Amino acid sequence: MFEKFSLNKGKTAMPKHEDTKSISIPNHVAIIMDGNGRWAKKRGLPRVAGHREAMKTIKRVTKEADRLGVKVLTLYAFSTENWKRPKAEVDFLMKLPQQFLNSYLKELIEQNVQVKAMGDLSRLPTYTLSAVNDAIEKTKANSGLILNFALNYGSHAEIVQAVKKIIREAHSPEDISEKMIADHMISPALPDPDLLIRTGGEIRLSNFMLWQLAYTELYFSEEYWPDFNEQSLQDAVRAFSSRQRRFGGLAEGSENP
Ligand code: FPP
């Protein structure tokens, strides 16, 4: 069981033109980008320096995910619980989407990336919201990788709002199905993640996409998010590719008792 979470270290990088036909590429990769504060602390820097560095990682991981053929990349950028952090850090985090998009939106557009966001965006400061909305608007016709930012997102809050919507629509209990619940989640149009990566060495989900992760392959990396690079993503994809997904069924050819 524990082996499932073992790290896939020491493999060589997937060269740019490696034949990836034999490797199964996850359609939707979701990432809990953890370890920014510890990355900074290790260098004697303020925590926010780690968040600043994190933006460079977002840039290179987006590019590499696109190159590998990932279709959706969801990044946990701010949780409903992150408001509990000191105000100065929250203020800093809230400025990051604007800074990130100021620096990289042009490149994302050139890469045909489509920006999306999920979470309770109504609580975001106006400058954050308008930067995000502007990026969504300017990339909505793009047909490449979907870069989905989870902003002020929490899975419990998402489930509560889904239940409220369902009750408001006055469905009777008999009508409730798994599909109906899924359809009332924040991003019903996105497929469930195939691979969840959490950096920073912690092994937990931290209220992230609990409904959608039911059959997702989990991959935990010791690396701090600012250190995560193309090779790290390739390692995670390789580990994913070596897993056998059964979705509660049996492996092929093992039907006989
Ligand atoms: C976790 O590290 C990271 C966060 C709470 C924030 C992540 C946000 C970004 C990477 C920037 C988002 C930017 C855009 C473009 C939307 P931590 O601070 O909990 O690290 P620690 O566990 O080492 O303290």
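This tour moves from the ligand and its surroundings to an aromatic pair elsewhere in the chain.

The model is predicted, so local features need pLDDT of at least 70 and side-chain atom pairs count only at pLDDT 80 or more, while totals for chains, interfaces and linings use all residues. Residues are numbered from 1 along each chain as its sequence is written, and side-chain values use heavy atoms, with hydrogens and water left out.

Select the ligand and then the 18 residues that surround it, of which Asp34, Gly37, Arg38, Arg47 and Arg85 are the closest (a residue is near if one of its heavy atoms lies within 4 Å). This shell divides into nine nonpolar, five polar and four charged residues, with Gly counted as polar. Colour by secondary structure next: helix H1 (36-42), helix H2 (47-68) and helix H3 (87-110) each supply at least two residues of the shell (helices are DSSP runs of H or I with at least four residues, strands are runs of E with at least two).

Finally, select tyrosine 76 and phenylalanine 208, a stacked aromatic pair with 4.1 Å between centres and 15° between planes (centres within 6.5 Å, planes under 30 degrees apart). Tyrosine 76 belongs to strand E2 (residues 72-79), whereas phenylalanine 208, 132 residues away, is in the loop between strand E5 (195-198) and strand E6 (217-220).

Definitions and conventions: Rings of Phe, Tyr and Trp (its six-membered ring) pair if their centres lie within 6.5 Å; planes under 30 degrees apart count as stacked, over 60 as edge-to-face and the rest as tilted.
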